[in-house]
Amino acid sequence: MADRMLLKGESREQVGTSKAVALRKQGKLPAIMYGHGKGTSSFALGLHDLTEAIHHGHRLFDIEIDGKRETLLVKDIQYDYLGKNYIHIDFIRVNLAELVTVSVDLNFKGIAAGTHEGGMLDVHLDAIEVECKVSEIPEAIDVVVKEINIGDSIYASDIELPDGSTLKTDGEALILNCHLVAIAKSTEELEEELPVGPEVITEKAEEPEGEES
Amino acid sequence: MALMPKRVKYRKKMRGKMKGNACRGNFVAFGEFGLQALECSWVTGRQIEAGRVAATHFLHREGKVHIRIFPDHSYTCKPLETRMGKGKAEIAGWVARVKPGAVLYEIGGVPEDIARAALARVAYKMPVRCRFITKRHSL
């Protein structure tokens with residue numbers, strides 16, 4: 001992971017939706033930090049700097065609030081409904097020596113051999129959870145897929161992790177497999193499979209005529 | 001007939017209203033690239049099928065297309081030259097109710113430029129304005 005980045009924040013005592021909206025209009029992002037038994041504290045950060053940093057892969061920050069500097073790791077980000085802008089960010093207090101569980105992206109390198117024979121690489125998981133030191137969080141883990149033929153699979157336990165990292169995802173979790181591409185069905189074929197109309201659960205069965213109870 | 005549910009509790013439904021934005025299904029979850037709706041609208045089963053055909057034809061057996069919406073809502077329509085009344089009309093089709101932010105289709109296993117071109121073709125089949133989105137980075 002990239003080096004720690006220093007950001008300046010300002011503590012905020014007024015919390016709530018309307019105050020958060022007002023902050024966002026000023027180009028600031030409401031944030032919160034917690035962990036290490038110190039309780040939660042709310043603060044605001046400059047949106048532009050933080051967005052740029054996160055886009056460049058930073059997850060670990062030194063944040064200075066009212067003269068105090070804290071080392072914080074991004075825990076959660078809330079987006080707006082279009083997923084374009086950040087609306088809130090959660091940080092967790094960390095020590096550089098402590099172990100944390102983080103989700104790390106997988107980088108698939110190369111072109112699978114099976115794709116040259118009409119196969120398709122089906123990626124089921126593109127990130128895995130690893131436990132590592134805060135100072136040694138990998139930015140991404142490379143997975144070489146050159147030798148994957150049709151019918152081959154890669155499981156979480158097959159991935160080579162960087163030194164000092166342990167796998168937290170289930171080792172039997174399927175990361176990717178290579179299989180033959182099924183021929184896409186035409187609209188006519190799909191229509192033949194579909195029923196004419198749906199079955200209605202609450203529909204009463206018709207009683208035979210002439211029967212009296 | 002295009003896409004429709006296999007089983008329903010009641011055949012005919014009230015039309016309802018579409019308020020607000022999509023708070024679920026609004027990010028790329030299965031593929032790598034997605035097509036996101038920017039408006040609210042009914043998307044019929046035929047339109048969803050047309051989008052699927054457009055994408056699969058363009059991709060030419062490469063990559064994987066995921067459809068993230070399903071037409072689970074029926075609508076009725078009275079025949080022409082019919083007087084009002086006499087009960088609710090027969091079902092005319094099935095629609096998915098799409099709100100701004102909803103991801104309609106996803107594509108995985110192809111480079112971005114190909115996915116972008118495929119989803120642009122799909123967007124032509126949709127009754128709503130759409131935009132191309134990519135998967136979020138994990139934290």
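Reader: Let's start with confidence: what pLDDT does chain B average?
Author: In chain B, 99% of the residues score at least 70 in pLDDT, the predictor's confidence in each residue, from 0 to 100. This is a predicted model, where local features need pLDDT of at least 70, side-chain atom pairs count only at pLDDT 80 or more, and totals for chains, interfaces and linings use all residues; side-chain values use heavy atoms, leaving out hydrogens and water. Residues are numbered from 1 along each chain as its sequence is written, while chains are lettered from A and ligands numbered from 1 in the order in which they are written. The average for chain B is 93.

Reader: On to chain A: how many strands are in its secondary structure?
Author: Helices (H or I, at least four residues) and strands (E, at least two) are DSSP runs, numbered from the N terminus. By that count chain A has 3 helices, and its strands number 14.

Reader: Is chain A spread out or compact, and what is its radius of gyration?
Author: The radius is taken over C-alpha atoms, and the globule rule is 2.2 Å times the number of residues to the power 0.38. For 213 residues that rule gives 17 Å, which the chain is well over, so chain A is more spread out than a compact globule; its radius of gyration is 26 Å.

Reader: Where does Ile65(A) lie, and is it buried or exposed?
Author: Ile65(A) belongs to strand β4 (residues 60-65) of chain A. Buried means under 20% relative accessible area, exposed over 50%, and partly exposed in between (1.4 Å probe, protein chains only). Because its relative accessibility is 11%, Ile65(A) counts as buried.

Reader: Which residues does Ile65(A) touch, leaving aside those up to four places away in sequence?
Author: A contact here means heavy atoms within 4.5 Å. With that cut-off, Ile65(A) touches Gly9(A), Glu10(A), Ser11(A), Met33(A) and Phe43(A).
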